[in-house]
Amino acid sequence: MRSTGRRDYDTSNIGRYTDRANWDLPSSVAISVLTQAGVLEGDPSGTFRASSTLNRAEFVQIIMRLLPPSDNREYMNCFPDVARGIWYEAAVCRAKSMGIVRGNVIASIAPENWKFEPNRPVQYEEAVKVLVKLYAYSAVETNGDNWYVPFINEAQQKGITISGVGVGDKLTRGEMARLAANFLAYSEGDLDLLKAAQSRSSSSRMSSSSRSSLSSSSRSSSWMSSASSMSSSSRSGTYDPLTDTSVRSQIVLLGQTTPALASAKFFSNNEPLNVQSLDISLASPSTSVDSFLVYDNDGRFLGTATKQGTSSVYRVSFPTDMLRLERRVDHSVYLRARLKARDSGGVSGEALQIATIQITGTGEWSNDTYNSSSSDSFPAFAVARAVITSVTNAGPATNLITNGNDQLLATFAFNTTATDSQGSVQLQQIRMQVQATGGTTVSNVELRQEGSDTTVPCTIAGNVVTCNSIPTNFGTITGTENFRVYGDVTVPGTANNPSLSLTINEPGTSTVAGDITWTDGTSSFTWIGNSSAPVVRGTQFQ
């Protein structure tokens, strides 16, 4: 194949992607090459999501852009599970007409009834097969468990496989780009340029026009895509704008969309399942939840679950092909809640916990109805008007230890946020652990707030300092406030390497009290829910 002379083997074409800082160099170069070729565009939000998996429909839609454009009206109605007019129909049907895909082969079913399974994550060996057939390389297709061997061997012989992934692995979008870029570069005689760029610094730049062209007799014919990029209207849906999908017990704010509250896996053992609805049941009734937002494991928005009557069940119904469980393939969903504002019925102090997530669907082969509940357990959350977002050390990391009265022992910054204009965090109790060596002791400990003349006396029991009964006018925090701890320090004259520090150790949980007790103006909380132990270490005096 001829070199196009227009390909830039560098990272100059990824500026449009807002998440590019997270990519490795091989993926960055590959995505840049395919973007320049008009094969990739990314999401309407400006992200590419290189670490997310992609399904078979998305993969074929992208890969078929390596071909010259054609009249899409020629390609339709090719698989029983590819709906008429759906965004990927033309690409999949064109691929089938060219013999690039043929569907899920089942000997007992007539070929015209073989399913394409568009929503199943594409696996590495399937992607290699499609690309080998797309570029018309010689590999004899066979049936049976090892059908992929000829295609993998063909790609390996040409040096166009990728590392870090193998048979049975679900392909990420970044891995897809690396694989497709390898095939494209090889077909144009530029594989060495691509691999050189992927092993150099990201500032390196090399155009395919800078090398001598390879003999066209040693390579097959190539296609250069001139198809326009996929528009946002042809995407299969919108994606979660929030990036953190980890599920951990937290205190969540009224009037906001919550962090991920639950993640659940489903598995269809007998046959592919078209999910018709998903039910979310709460462990206890909630006044504050307006609805739930449901996303798949790649962050694709599936729908909004709304309350069913007066029950604690929220339901979302799905259109055809929105959520499909492939046979014997795990599929995950996760949930966020939209919470009502306080003046719209949201209630501070409510417990919020998912009890069960259940799906109802129809088997593709049998038409039987299936109901399946997730076996996952879900953490507890609490609802508040304001929250402590973090506690940090506002003093130096280390300092010299000083013997004497009324010494500054620690400065802690309490950072808060609120969605209710009348809500704020008010500290009620702080418990600190004294860590001292060399016989160093502290006594007469007091808590002071910057900008206030009020002091709060604290008690000491063993190595625990407790500042109790903090008055409202003293402990109210709007935004960020610094609190200082003072005390009398005694360092024995014979001490060897004395040291002293204060630590707020336990964040607590929804059921176990931590070292900070506070109120949002309505409800009291004994945990902060967004930190691991220790919450914060103060200045180390030595």
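## Basis

The model is predicted, with local features needing pLDDT of at least 70 and side-chain atom pairs counting only at pLDDT 80 or more, while totals for chains, interfaces and linings use all residues. Residues are numbered from 1 along each chain as its sequence is written, and side-chain values use heavy atoms, leaving out hydrogens and water.

## Open sheet

An open sheet is formed by five strands in the order E13-E15-E22-E17-E18, with antiparallel pairing. Strands (E, at least two residues) and helices (H or I, at least four) are DSSP runs numbered from the N terminus; two strands pair if DSSP finds at least two bridges between them. At the edges are E13 (386-393) and E18 (455-457), each of which pairs on one side only. On average, neighbouring strands are turned by 30° against each other, direction ignored.

Strand E15 (residues 404-418) runs antiparallel to strand E22 (residues 480-490), and nine bridges join them. Phe 414 has Glu 481 in E22 as its bridge partner.

## Helix pair H2 and H4

The axes of H2 (residues 56-63) and H4 (residues 124-134) come within 11 Å and cross at roughly 25°. H2 is therefore roughly parallel to H4 (angles under 35 degrees). Axes are lines fitted to C-alpha atoms, for helices over the stretch in contact, with angles from 0 to 180 degrees between N-to-C directions.

In the contact (heavy atoms within 4.5 Å), Arg 56, Phe 59 and Ile 63 of H2 meet Glu 126, Ala 127, Val 130, Leu 131 and Leu 134 of H4. These residues divide into six nonpolar, no polar and two charged; Ala, Val, Leu, Ile, Met, Phe, Trp, Tyr, Cys and Pro count as nonpolar, Asp, Glu, Lys and Arg as charged, and the others, Gly among them, as polar.

Key
Angles under 35 degrees count as roughly parallel, over 145 as roughly antiparallel, 65 to 115 as roughly perpendicular and the rest as oblique.
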